[in-house]
Amino acid sequence: MSGRRDTLARAIAEQEERLLNCVHCGFCLPACPTYRRLGDEADSPRGRLYLMQAVVEGRLDAGSDAFQTHIGRCLGCRACEPVCPSGVEYGNLLELARQVGGEARRSPLLARLILRVFGTDWLARPAMLAGRLLRATGFPAFAARALPGEHRPGRQRASHEDGNEPGPVARAAGAARLGLAMLAASAPARELFHKRPASHSAREVRPVPARGNGQTRRERLGPPRGGGQAPTVALLTGCVQAGLFSRVNEATARVLSANGYRVVTVAGQGCCGALHAHAGALEAARVMARRNVRAFEGAEADFVAMNASGCGAAMAEYGSLLAEDRTVGERARDLAGRVLDVSRLLADRGPVAGAPLPLRVTYDAPCHLLHAQGVADSPTRVLESVPGLEVVPLPGAAECCGGAGIYGLTHPRLGGWIGSDKVRSVLDTGADALVTGNPGCVMQIGAGLALAGSRIPVVHLVELVDESYRRAGFYAG
Amino acid sequence: MIPDTLTRSLAEICGPGGVIVDEDRLLVYESDALTAYRHRPGAVVLPRTTAEVQGAVTAIARHGLPIVPRGAGTGLSGGAVALDGAVVVGTARMNRILEIDAANRRAVLQPGVINAELSAAARPHGLYYAPDPSSQTACTIGGNVAENSGGPHCLKYGVTSRYVTGLTVVLPDGSVAKLGGRGREAPGYDLVGLFVGSEGCFGIATEIEVGLLPLPEGVRTLLGIFDRIEDAGRAVSDIVSAGLLPAAMEIIDGPTIRAVEDSVFAAGYPTDAEAALVIEFDGLEAGLDGETARAAEFCRRAGAREVRRARDEAERMALWKGRKKAFGAMGRIAPDLLVQDATVPRTTLPAILKGISEIGKRYDLVVANVFHAGDGNLHPNILFDRRDEDELERVERASKEIMQLCVDSGGTITGEHGVGLDKKHHMPLIYGAAELDAMWGVRRVFDPSGVMNPGKVLPEETAPGWPGHGEGRGAAEGEGAGVAEPAVAAMAPP
């Protein structure tokens, strides 16, 4: 017993120098969606770091309720990182803490099952196919609305405000409802592009902004590897993205080509392992990372374009994930350095303006794009480049939507609470559509909107650009 | 551990999730932002309303347990640390702004509202809340009231007490009192004034009325770069002597500059400089440029190698972020730090800065200074690693010497962080028996049974009725002699 504890403690203890960077100033507290709602410091980044430190010091068991509950309740949105003056690498520490916690106590069956499916090709492919078939029947949208749901969070105190999750039966029903709604929300937003909203038909076409302004230094790109040639871009096709959002992958390739990139396909790639890493299944994540390192180095691309920010953040951290790996460690670092979100690649090129898209949209920043990768301005610049598109600000756009991988399934009440705040915020903008940059966010917010009775679609950034280009005849002939 | 009956009554009042009694979960409440002091509370309760605070305080008091109010736990004097198994009453869930009355430039809010968020909410009305502690993005107004917090711009605008116009407070016996309110002029004794800065010893503020200011028309921000910190200190002194009134004057020393520039809040301070002096003027546009030019000239005359002006709002924000996040950035140098808060007469700044640097050298410690120079409010940060016991002891000795140096130069032991647990034993350095007895007397009026935040602010041995009371008090010898001791002696700690 104590032997196991020692082993666990040692795993985090190796990271002690990183934990010690935390001076307990508390600047992270207001950035944390769970602390803001629950008000318990154990549900804040500083509190969670303190619990990790207590495990290292041998004052706390990693299998204790406190450690399991509060480390488990973290969304992993990493909004605490950009506000940390000491530069604590919270995301990495969380993954380690989850690994240690998972070894001390098994994670729930559902979570293990989902990770197993995503981590295994011959399970993931049929699962995605089944998802597509089911989606095509229209049943998920209907069933999600028909299933009885939990009381929607309001101002009144309800049990969810204490952070407690429901029992297994209610949890299973909630997971089924949310899962179906998410599947329905992954469908293309055909109506948005085919029906022109009457209220905005007379909107003026706005001028295209000039290149090279408004971009932060961190978001500016270097020259392509091959000198003055068109930069080569490889695309991570992903697991969910390939399975349920192939249209986004296709649109990404088209809009990158239209902006002068040479897009190449990479065979032998697979799931990036982000879900596994976030859940603390670091060994499984490393297996997937190694496979991608090998697959992508053959492509010799200047950049690896990402249209799922969760995957982008994970791949950008392959270097540290595989730091101990003597055979692929250095190559992993090299690959990680070339990983870029599609919005950055587009913003660097202007991007090229297409035909007017007379819509009012609002943008929600995916956590793993804004907080984990520090990409703040590029998506806005891309949206502003689309003629006729009115972009209205979304209050609380920097806060997590509650999707957070499989959080909605493991923490339905708290995830639902965070999600419903996002939904309310979106509805208040009066936008025709919500734009974001990550499949998890598309499905989470889309499901939330649908369950709230709204028909506002959620689309990926490149889908809008793609539609604008299609209307401009860029792809004709 | 608290009795089960108390846990049950607290759960009835604040909901089951509003009470924390699990020993492991309580670990995170062991300390505030001054981690040198760690004491696990007996329980934590998280109420949402005045009525819930009232119910909780009554229940805890009925069990004879001490009570410690806590905001965001960003304090730097150990004020929110629970001694002797005290029950923490946290205000994190009391985070609503109840009213912004723009016409009267007034807001009413719950104590858990974050300082910067009050200003953000007031901004659309062209208003803001002036006191701006460096932790303003995280600290709560309730905590500001308890500590009478200051901040860089308090040089011109004054500290928290100037802005709090009314308070609803739950007193330690569970009664609710409304102090002041609806404006400034409440007849009778100024109880709001007494309550602000009482460091959680008088009660818990559950509704706070504050005054707001109109946003200034113009702002100019200067950055002076110095090769010697004493020169920066001299520039500050000269600017004030010349009759200029900047909104803020802040000094960031070499080690701090390097920590900040290494962080995400890099402000563009040159890393080879030994001091950066940030000076800000605000107010009506007319006259700002003239004042700024004069201040720049004083910097150059004092030996600045360069004086820059922030060209736009982005540059200004960067300069300020570097200053305001400096404390947190110290984690890049060492895992632990002890920040002091002494305030000295401005004219003594150059000599004291030199003295602090010498003390640091003598004890082989890194001392990083970042402080409100305009107010003479120093913040020497002594950096250390608590795992090194020898170093820990040197920190303690150096800390005491720095404090003594400041007091000897006519200064005081705290400018804005509060006395709390950390500096209560230094109180006799600046107060004699008469003053301390008066303070005990006031405290007893609010808290006759001694349950609110015991063990803070006033050293027990100075309590009337404490064995040996009145003996061996340092600074004001003679003053204590002959003062009649109050008859009641309820404040003695358990």
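**Figure 1. Sequence separation of the contacts in chain B of the predicted model.** The secondary structure of chain B comprises 16 helices and 18 strands.

**Figure 2. Dimensions and burial of chain B.** The radius of gyration of chain B is 23 Å, close to the 23 Å given by the globule rule for 494 residues, so chain B is as compact as a globular protein of that length. The C-alpha trace of chain B spans about 65 × 55 × 45 Å along its principal axes. Buried residues make up 56% of the 494 residues of chain B.

**Figure 3. Division of chain A into two domains.** Domain 1 of chain A covers residues 2-104, and domain 2 of chain A covers residues 352-471. A distance of 29 Å separates the C-alpha centres of domain 1 and domain 2 of chain A.

**Figure 4. Contact between domain 1 and domain 2 of chain A.** Domain 1 of chain A contributes 12 residues to this contact, and domain 2 of chain A likewise contributes 12 residues. On the side of domain 1 of chain A that touches domain 2 of chain A, helix α3 (residues 33-38) of chain A gives the most, with 3 residues. By residue class, that side of domain 1 of chain A consists of 5 nonpolar, 3 polar and 4 charged residues.

Terms used
Residues are numbered from 1 along each chain as its sequence is written. Chains are lettered from A and ligands numbered from 1 in the order in which they are written. This is a predicted model: local features need pLDDT of at least 70, side-chain atom pairs count only at pLDDT 80 or more; totals for chains, interfaces and linings use all residues. Domain bounds come from an automatic or database domain assignment. Two residues are in contact if their C-beta atoms, placed from the backbone, lie within 7 Å. Helices (H or I, at least four residues) and strands (E, at least two) are DSSP runs, numbered from the N terminus. Ala, Val, Leu, Ile, Met, Phe, Trp, Tyr, Cys and Pro count as nonpolar, Asp, Glu, Lys and Arg as charged, and the others, Gly among them, as polar. The radius of gyration is taken over C-alpha atoms; the globule rule is 2.2 Å times the number of residues to the power 0.38. A residue is buried if 20 or more other C-beta atoms lie within 10 Å of its own, exposed if 12 or fewer, and partly exposed in between; C-beta atoms are placed from the backbone.
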